[in-house]
Amino acid sequence: MTDDTPPRAPAAGAAGPITEEQVRVVPANEASWDDLRDVFGASEPGQCRCQRLKVVGWFWRDTTQEERTAMLREQTGCDTPDARVTSGLVAYVDGEPAGWVAVEPRTAYPKLRTSRIPWKGREEDKDDGTTWAVTCFVVRKGFRGRGLTYLLARAAVGFARDRGARALEAYPMITEPGRDVIWGEMRVGARQVFEEAGFTQVSHPTLRRVVMRFDFER
């Protein structure tokens, strides 16, 4: 499949909550590039290709869509099961590629160094490679609103722990009843997703963003 080929449509089925029994989550290098491409589709997060925090400068100006796609493909190592590193996880629901979560060492995201959100009111070593970060969720159309991000967040905890992380952070949105949140804003996840995964809020740098953290026992 080329990047110009339309994504495959998800299988038809009931749109109820997704259960753990339906889900298989794998490191992205163990997934195929075609599957990951189907997850990203043509949504706004898909066009970003999870490069917003990686490209130094304004990435819409300084990179093309083709470059961002190539960067994601290289970073994930899709179709390379023996790759030593990858940049996230892919979720399958009943065998269909359905979701993605970006999770890597915090130092893998140059733009985090200059963002006030992770650091405001905190004394953190920006060069600490043992602290990892969850920075983006993408859920494929047809699987949204069914709780998949909760399962992806929990999987990210286990993945970071197994890869030697000392801690895992996230920078989610606060959702409020009656207040609309567009899909693109929620790519960072919602606070309650990380609360249910066992994270603790450690700071509240802006009105609608918080820092959540999961410290692993050593």
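## Overall architecture

Helices and strands here are DSSP runs, numbered from the N terminus; a helix needs at least four residues and a strand at least two. On that basis, the elements of the protein chain run β-α-α-α-α-β-β-α-β-α-β-α-β-β from the N terminus on. That gives seven helices and seven strands. The model is predicted.

The protein chain has 218 residues, and 50% of them count as buried. Its accessible surface comes to about 10,800 Å². Carbon and sulfur atoms hold 50% of that surface. Among contacts with a separation of 6 or more, 70% are between residues 24 or more positions apart.

Strand β7 covers residues 211-215. Four of these five residues are buried, so the strand is largely enclosed by the rest of the structure.

Two strands pair with β7. Strand β5 (residues 167-170) runs antiparallel to β7 and is joined to it by four bridges. Strand β6 (residues 200-203) is also antiparallel to β7, with three bridges. Ala 170 has Met 212 as its bridge partner in β7. Gln 201 stands opposite Met 212 as well.

## The main nonpolar core

The largest nonpolar core holds 37 residues. Val 103, Val 134, Phe 137, Leu 148, Leu 168, Phe 194 and Phe 199 touch the most other members. Seven elements each supply at least two residues: β2 (88-93), β3 (96-105), β4, α6 (148-162), β5, α7 and β7. Helix α6 gives the most, with eight residues.

Val 134 shows how these parts meet. Leaving aside neighbours within four places in sequence, Val 134 is in contact with Val 101, Ala 102 and Val 103, among others. Its contacts also include Ala 156, Leu 168, Glu 169, Ala 170, Tyr 171 and Phe 194.

A second core is separate and has 22 residues. Leu 72, Leu 112, Ala 133 and Val 138 are among them.

## Aromatic pairs

The whole structure contains six aromatic pairs. Phe 137 and Phe 194 form one that is tilted, at 5.8 Å centre to centre and 50° between the planes. Phe 137 lies in strand β4 (residues 131-139) and Phe 194 in helix α7 (residues 191-196), so this pair ties together parts that are 57 residues apart in sequence. Both Phe 137 and Phe 194 are buried.

Phe 194 also pairs with Phe 199. This pair is edge-to-face, with 5.0 Å between centres and 75° between the planes. Phe 199 is buried, as is Phe 194. One aromatic cluster takes in Phe 137, Phe 194, Phe 199, Phe 214 and Phe 216.

## Charges over rings

Two tyrosine rings carry a charged side chain over the face. Arg 24 lies over Tyr 92, at 4.6 Å from the ring centre. Lys 54 lies over the face of Tyr 109, at 4.9 Å from the ring centre.

## Helix α1

Helix α1 spans residues 33-40 and is mostly covered, with seven of its eight residues buried. The buried set is Trp 33, Asp 35, Leu 36, Arg 37, Asp 38, Val 39 and Phe 40.

Most residues other than glycine have a negative phi. Phi of Cys 50 is near 60°. Cys 50 is found in the loop between α2 (44-48) and α3 (59-62). Its relative accessibility is 11%, under the 20% limit, so Cys 50 counts as buried.

Asp 94 has a positive phi of about 50°. Asp 94 is found in the loop between β2 and β3. At 56% relative accessibility, over the 50% limit, Asp 94 counts as exposed.

Notes: Residues are numbered from 1 along each chain as its sequence is written. This is a predicted model: local features need pLDDT of at least 70, side-chain atom pairs count only at pLDDT 80 or more; totals for chains, interfaces and linings use all residues. Side-chain values use heavy atoms; hydrogens and water are left out. Buried means under 20% relative accessible area, exposed over 50%, partly exposed in between (1.4 Å probe, protein chains only). Two strands pair if DSSP finds at least two bridges between them. Rings of Phe, Tyr and Trp (its six-membered ring) pair if their centres lie within 6.5 Å; planes under 30 degrees apart count as stacked, over 60 as edge-to-face and the rest as tilted. A charge sits over a ring if NZ of Lys or CZ of Arg is within 6 Å of the ring centre and within 35 degrees of the ring normal. A nonpolar core is a set of buried Ala, Val, Leu, Ile, Met, Phe, Trp, Tyr and Cys residues joined through side-chain atoms within 4.5 Å. Contact means heavy atoms within 4.5 Å. Accessible areas come from the Shrake-Rupley method with a 1.4 Å probe; for residues, only the protein chains shown count as cover.
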